[in-house]
Each structure stands twice: as C-alpha cells, then as structure tokens.
Amino acid sequence: MSLVPFVFLNSKSGKKETFRPKDETNVTIYSCGPTVYNFAHIGNIRSFLFVDVLRRALLLGGYKLNQSMNITDIDDKIINESIKRKISVEEFTKPWTEAFFQDLETLHVQKLEHYPKATESIEDMVGLVEKLQSNGLVYEKDGNLYFSIQKFSRYGELSKIDVSGMKSGVRYDADEYEKDDVRDFVLWKNQKTEEEKCWHTRIGNGRPGWHLECSAMIRKVYGSGVDIHTGGIDLLFPHHENEVAQSLGAYPEEEFVGTWLHCEHLLVDGEKMSKSKGNFYTLRDIFEKGFDPNSIRYHLISAHYRSKLNFSLNKLVESKIAMDRIQNTIYRVLEVGNLWDHVPEGFENWDFTVPELQNINLEFINSLADDLNVPKALASVFELVRVVNQYLDAKDNAVDISFLGESIRLFYKINEIFAVFQFKKEIQTLEGISEDWILEQIELRKIAKQNKDFSTADRIRKELEEKGILLADTKEGRTTWKKIQ
C-alpha cells in the first residue's frame, strides 16, 4: 500500500506544508492530555477527538504510529484539592484518571501507545532542568528555579509573541497564566507547606512546574523530538512556547517538533463555555439529556479542527439526523444485498472498481489528506449516500452484488474515521424483548398494511418505537429494524 501524502497547516510557519516525518513510514506524535482534577468538559473532549481523527487518518493513509498523550496528575489545582480533602495526590487523581479513559472508550477513541504521567516522570524532569542549568538558562529565587527568557534568543518563534519590552526577572509561579503575559516561568517549585506534595531531588525539594513535564516526557518516550505535536489553541502560548524554550534550550542541536497542530476553541450557543453562564457541559451532562455517544462524537468531529465549533443541543439533534441518514443507507445496502454475514473486518487494499465509487473514495481520502478537512470528507460521504440510494431506487435496476459489496466496503472505510456506524444486524434482546417477537410484530404490521388497516400498522410502529425499536421500510417492500441509540 502506497503512502497517502498529507498536507498540514503548521502553526510554526503559519502555512500549509507537505508532511514529511523523519522516518518515511513511522510517525511520532505527542498530544497534550488532561489535567486530572475533574471530568473533562466537551471543549477538552473535542481536542482529544481531533487527536483520534488525526491518528485514524494517518493509519488509513498507510503510516505506522508511535503516539503519546500525557496525564498531568500534579499541579496547583490538584494539590489544593487533595489538601482540602485530606487525601494524597494519588488518591485524588486516580478516579479522575479512570473517568478520562472511560470517556475516551465511550467515544470510540483508539488507544495510544503511551500515556506517561507527570508523577512518574520526575527524574526525567530533573535531568532536563540540570541540562538547562549547565547551559546557563536557569536562575534561582526563593528556592524556585526559573527559565530566563531573555537568555534564550528564539523565544516567541512559535507563538510570534513580542518579548522585546519584557523586563528582566519578571516571574510567574502559577501553573497557568493569562495569554500574552510574558514572564520567566517556573521550572521547579520549592515546597511551601508540609502538606504540599514534594519530591526530594538533586535540584531541591519540591515539584515540577506545569510547562516542564511535556518537554521531559517527549524526551523520555522518544529520546529526542517528534514529528507532530498537538494541543488546543489555548496552549500555543505560553505552554507550547515554553516547551520549545525548554527543549531547544537544553538540546539546541536537535529539532524538537516538525509540525505543530492546534485545535480551535469550542463555543456553546455562540459563547465561551462557562459554569456561571450555565453552558458548561461534561460528557455525562449530555448523556443525562438523552444523547448517545455516537451522536456526540459525530458532532464534535464534523467541523474542521481549525474552525471554532459552535456546540448546541439543537445542533446535536441535527447531527443525529445526519448520522441516521448515513446509517439507514448502510442498513438498506446490507438488507438488499443480504450482506449481513459478509461484513469485512478490515482491508489491506482499499481499491474499488466501480468508477463512481472510485471517485468518491478518492475525494474522501484527498479531503482528509488536506489538513484533515472532515467537512469536505463528509460531503463525499453524503454523495455516496445519494449515489447508493439512487441506485437502489431505480425500478428497472437488477441488483448488482459487486456494486453493493463495494459500497459497503467504502462505508466501512469511512467508518475507520468516524467510528459511529453499525454493520451488523441487531439480534440482542431489548428489555426482555426477543428478536422473534419483534419480527412477529413486523409481520402483523405488514398484514395490517395489506388489509389497508393503516391505524393498526401505525400503532404497531409507534409501540415498537416506544420500546426503543426503529423500523425502516425499503423500496423493495422489506422492513428492517434497529435499536434506537
């Protein structure tokens, strides 16, 4: 299988560039992960889903991946909460870490190769600080160790921020601070109270600053830099700028990151998400409102990752309708072609022989290769829906199994990215209802329709819907059913 050439808009250059990993077929990726002090909100979730789409697209393009996402399990918020609750940092972060992975699994996010934790990488961070000290970029104040921005001439290259007016020695100790606030940042924080989590190290007793961990973890996992580094746009400055300073300050002869990719903000009903505005949602909040994981995943990945996504419950409903339109076409092909038992489990070769399907496949792949243009890729999916339904609707059309088979293969390929569509007949019971009973009701409805008893037919359909079963009538006179998600 030949590699698909990808083009990404590199935040470092501000331009679209042809992606060229150091190793032609093996790609290294590092993504900023969660700070595990609460449930992830949907803005975080969008960023994690962007990473999943990137991963799935590159795999579909023929690349092998070595991918990492860090777990920040030590910072100001975590320490303060653990002290307040009188439990250890490890006890406090454990359930939130488990909740994070549960969220990823619920949304069908593929598992990565590495999930390094900050608390398990202290020695690596200490080593990086020592390297920076030997290069003359660190100074001490009140037991804290700071990175001196003015001694690193390349500071600001990634975020394009102007540091010319910065006063020497202006420091910031917090793990997070406001955008455009240019100050020397803390690498190692001295222990302030006995209750505060502390490590006894060669560079002093204390704990790492937030920015330090990613630089150290990248080196820990990969031994050097990475091909791609991702994160939310809010991390571009100062976090990623500080990563660059630390990594190149310690190892100026190496390339730290080849391509920087940043996911845009998520808005809720056109506004920034805020608890005070009542528009703050976690995944569980949306589940409680009756929405299913597939609809949420579909909605959050349907916009381009570099575009602001305006989330709303109404738009979730629209996404569900759009997703069902695709799903119903898939079920229709499976039913007409009787392909339920011939669903492919995967392909090494995605070639197609039907010209229309060839063109749609090419458009789908080219859209993904063009900086992960998912909206354009979705347009090709709905073109496939149109072509397939038009084919099935043709009254004088003899069923062409090869066309139906290739259509399902293409839908299956599309699902390698979206991971929300089903290809197997629902055979499980629903709240004690057997499939035999469902089929019996479908037959009774069919007889009622033949007898022009439409009120009975409609009543049967509504009763099934109330029990979570959706019917779909095909042009060929068949009736299929599926569980309502």
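Begin by selecting helix α8 (residues 293–301), which lies across β13 and β15 and runs at about 145° to β15. Contact here means heavy atoms within 4.5 Å. Angles run from 0 to 180 degrees between N-to-C directions, and axes are lines fitted to C-alpha atoms, for helices over the stretch in contact. Helices (H or I, at least four residues) and strands (E, at least two) are DSSP runs, numbered from the N terminus.

Before going further, note that this is a predicted model, in which local features need pLDDT of at least 70 and side-chain atom pairs count only at pLDDT 80 or more, while totals for chains, interfaces and linings use all residues. Residues are numbered from 1 along each chain as its sequence is written, and side-chain values use heavy atoms, with hydrogens and water left out.

Select β13, β14 and β15 next. These three strands form an open sheet in the order β14-β13-β15, with mixed pairing; two strands pair if DSSP finds at least two bridges between them. The edges are β14 (271–272) and β15 (309–311), each of which pairs on one side only. Strand β13 (residues 266–268) is joined to β14 in the antiparallel sense by two bridges. Which residue of β14 does L267 stand opposite? Its counterpart is K272.

**The four-stranded sheet**

Move to the open sheet with the order β4-β3-β11-β12, where the pairing is parallel. Y30 has H229 of β11 as its bridge partner.

**The annotated residues**

Select C32, C214, H239 and E243, which an unreviewed UniProt entry lists under "binding site". UniProt positions are given in the numbering used here, feature names are shortened, and annotations may be inferred rather than shown by experiment. Although these residues are spread over 212 residues of sequence, they cluster in space, with a largest C-alpha distance of 11.2 Å.

Centre the view on C32, in the loop between β3 and α1 (42–60). Is C32 buried or exposed? C32 is buried, with a relative accessible area of 8%; buried means under 20%, exposed over 50%, and partly exposed in between (1.4 Å probe, protein chains only). Leaving aside residues up to four places away in sequence, C32 touches several residues, including C214, H239 and E243.

Then turn to H239 in helix α6 (residues 236–250). H239 is also buried, at 2% relative accessibility. The side chain of H239 makes a polar contact with the side chain of H211 (3.1 Å). A polar contact is a pair of N or O atoms within 3.5 Å; within protein, one must be able to donate a hydrogen and the other to accept it, and residues adjacent in sequence count only if both atoms are side-chain atoms.

**A helix pair and a hairpin**

Select α4 (residues 122–134) and α5 (residues 212–222), which pack at about 100° with their axes 9 Å apart. The two helices are therefore roughly perpendicular (65 to 115 degrees; under 35 is roughly parallel, over 145 roughly antiparallel, and the rest oblique).

Finally, show β5 and β6, a hairpin with two residues between the strands. In its turn, D142 has a positive phi of about 55°. The bridge partner of K141 in β6 is N144.
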